[in-house]
Amino acid sequence: MTRAIAQTPPEAYATVNPDEALPSGDERYVALDKARGTRNVAQLLTEIIRIREDNIGARASGNHARFLVTGHSGCGKTTELYRLKDALGQAGFAMVYFDAGIEFDLQKQNVDWWSVLLEMIWQVDEQLSQPPFDIRIPQDRLDDAVEWLARVVTKKTERRDMEGSLTTEFEVGTTLPFFAKAKAAIKALVKAGSSTVKEIEQEAERRPAVLHDAVNNIITYVQDALRDQGHRSLVIIADGLEKIPWRVLADRMTTHNAVFIHNSRHLKAPLCHLVYTLPLALLISENIGQIFPEQPVIMPMVRVRRRDSEKEDRQALAAMTEVVTRRVSRTVFAPGVIKMLALASGGHIRDFLRLVHEAASGFGERITKADARRAISGMVDLYNRTIQQEFIAPLDYVAQYDELAGGPHDGELVNRLLVLEYRNSETWTALHPCVQVAPRYERAPRAHQEETHV
Amino acid sequence: MRTKKKPTSKTPPPVYPMPHDATLTPAAQEDWSRLTHLLPLNRGPRLLFVLVDSPVLRRRLLEHLAAALSADGQTVARLDLTAPHYQPLQEIFAAAEVQPQARFFFLTGLERSLISPEHRLSALADLNLHRDQLRDRLACPLVVWTTDATLTDLARHTPDFIAWQNGIFTLADPAVAVEAPYRQHLIDRFSKLTLYSATSDAPLAVDLERVFVKLTTTQQRPPVASSVTTAWESLGPSGEAVPPASATAGKAAARRTLRSVSFSPEHEFAEGSTAALSLTEALQSGRCLAVIGAPGAGKTTLLHFLALTFARRQAPERLDMHEERLPLFVALRDFNRFLDEAARDDPLLHRDPNVLPRFLIKRTQELAPHVQLSPDFFH
């Protein structure tokens, strides 16, 4: 579909949507990898997976690719993962993609490795049964995969009794197969916040091999079926895992550590190529490169300024300009406006598009520098609100040393986008430009006196 | 703190004029105009914020705009979260589903879910973690009418939700606009309760409003003289006992610092008594209160809670007190230090009627240099 390019500020305001992940092949897409100082994520992962597959032993245990992809919220991860899915699909791989933010109730559910593996079973069955693959996994294989789950849920030991209990307790259709009943039951239990979910978790922790075998029995069948059809092997992309809420668990571990560090061996268990998204804050704080076989793939910001000087990066600014002009005609902007907005965004694409959107809300025939200043002022105000006194010292550290201090507030600074990651031949961290000029940061007292209570 | 928006020139008159009885700052008038022009350009699931600190003005402007839009054939669905909710987004989606024809969805009352200690964490998690559902379950723009402090709260604790905002419009009346930065400063200053532990180096900071438990206070009622001739004594400036001239004066004197009471044997006195009071009753019992308690009893924490409550204009909900006050928090040790320092430069300081406002301005500037108040703000 060819989209019309906005020709007036009101058209730009109405059509520029900062929150939209672009579908693969969208004409608005601009490859920003050179401007980010990295290889293109979709291209890089496609290349590695193809090499792995083409070399002997790709289907053998332990030789599949396992990637972690990360980057700031709004940097374009999902857009690249859509492109990866498309590229690998065109290369003959069978793609299964799901978004944890949609499939899980991240608020109610404590998402852990076993819920991710279980979700893989549902998604592989559902997506590969569709054209062009039309793979029907034998019912007995599916039922075997969930029998352990049904045993915990129903407290029954015989399959027939389990099935009856699932039908009556969860009011699922009697004609549905056992597998579908178990799936419906677990989803209902999660939605209700039932304590049975904890029992399932405990069972999975007690006998992880059962769930590993369940997943791999299905994946192995699928891999064979794909080979028989002349396809390449299976790739599973689990997006949205970076949205798992950060919480401290009972044993002082965090939810992020539990999934990606402590239980990484389970995430690596499925016998296919895997791509997981990872919270950026975890990457910064943990040596995750030693836990997963491949180095994590980071999508840094567009490098609008060079590290060692305040000089603007012309190539990066040109790339950002193209991001806009594929949506809005250049004639809508007064000279210098796009550059102003790009620099103020720090190279964060969603912030950049948000600035464009806000600047387009003026009433002139063109978007002027005054409109840009108003938009930037609004973004500075929003970032200003998020700055708290306890962040001042770690922010000062980043400003001075181009890296995070390694303190307890690093995660917050990253999650609130107060600091941004960049890459050239090295990785560095810098304050978001709107933070640099935020009143709370500029004028904060650097020696803080605490009041004591009486 | 709200940074000043730089007004642009050439903002056209609003599509819908303001209510004639509404008074807005010039910047707010411009935002009203922008809001009326831009709202119709928003289609599909969008998220916009309209910030109005005064509840009365907020209701007035919302109703006026909703009526104007409806008269133009643009249906406005409304939802007022009158009680706190654990999952306010789910309430919004449920309401939106029964009004699929709505062109805009106006939401009020979101702040109630965020200030309720019981509902706060769940409400914030719901907003931040389920924001993707806005795309699928909302067919029209959601316009959240709330306070400036609520936006700050959301910006800090629901960054993913706020990242979806498509516009923020601030409609402030002049009086409220002047106070807003100071109120936010108080919220920032007192919202965290820092706890120190003998077993840990790092102190723990918790949300004071989440953990605060309203204690019952007791009021000590002093013994009352049964004779007309009062036997009360009070202390004069030099510490001498000064018998009051009359029973009426005696009552007035009893309100001053009472160090000792001596009784003549011919007078009869009722026993002193204590009465349990709720916090609200205590606050309403008099204009001047002395809160007395052992060290660590929670006196300062109580004052911080009250400062937060009035700074957030939450007295009706938290204290069942329907009044608005601007808290002025004075730590006497800081005031004493200020007086000592100022008296070196001005020996006649004690005659200055503005000594307290001067202290408050200086202290605010020390604690929060980014908060810019006019020099006569506390006068």
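**The interface of chain A and chain B**

Reply: Between them, chain A and chain B bury about 4600 Å², 48% of it on carbon and sulfur atoms; buried area is the accessible area (1.4 Å probe) that two parts lose on being put together, summed over both. This is a predicted model, in which local features need pLDDT of at least 70, side-chain atom pairs count only at pLDDT 80 or more, and totals for chains, interfaces and linings use all residues. Residues are numbered from 1 along each chain as its sequence is written, chains are lettered from A and ligands numbered from 1 in the order in which they are written, and side-chain values use heavy atoms, with hydrogens and water left out.

In contact across the interface (heavy atoms within 4.5 Å) are 42 residues of chain A and 63 residues of chain B. There are 4 salt bridges between the two chains, each a side-chain nitrogen of Lys or Arg within 4 Å of a carboxyl oxygen of Asp or Glu. One of them joins R385(A) to D148(B), with the closest N and O atoms 2.7 Å apart.

On the side of chain A that touches chain B, two or more residues each come from α1 (9-15), α17 (349-359), α18 (369-386) and α22 (439-442). Helices here are DSSP runs (H or I, at least four residues), numbered from the N terminus. The largest share, 9 residues, belongs to α18(A). By type, this side of chain A has 14 nonpolar, 12 polar and 16 charged residues: Ala, Val, Leu, Ile, Met, Phe, Trp, Tyr, Cys and Pro count as nonpolar, Asp, Glu, Lys and Arg as charged, and the others, Gly among them, as polar.
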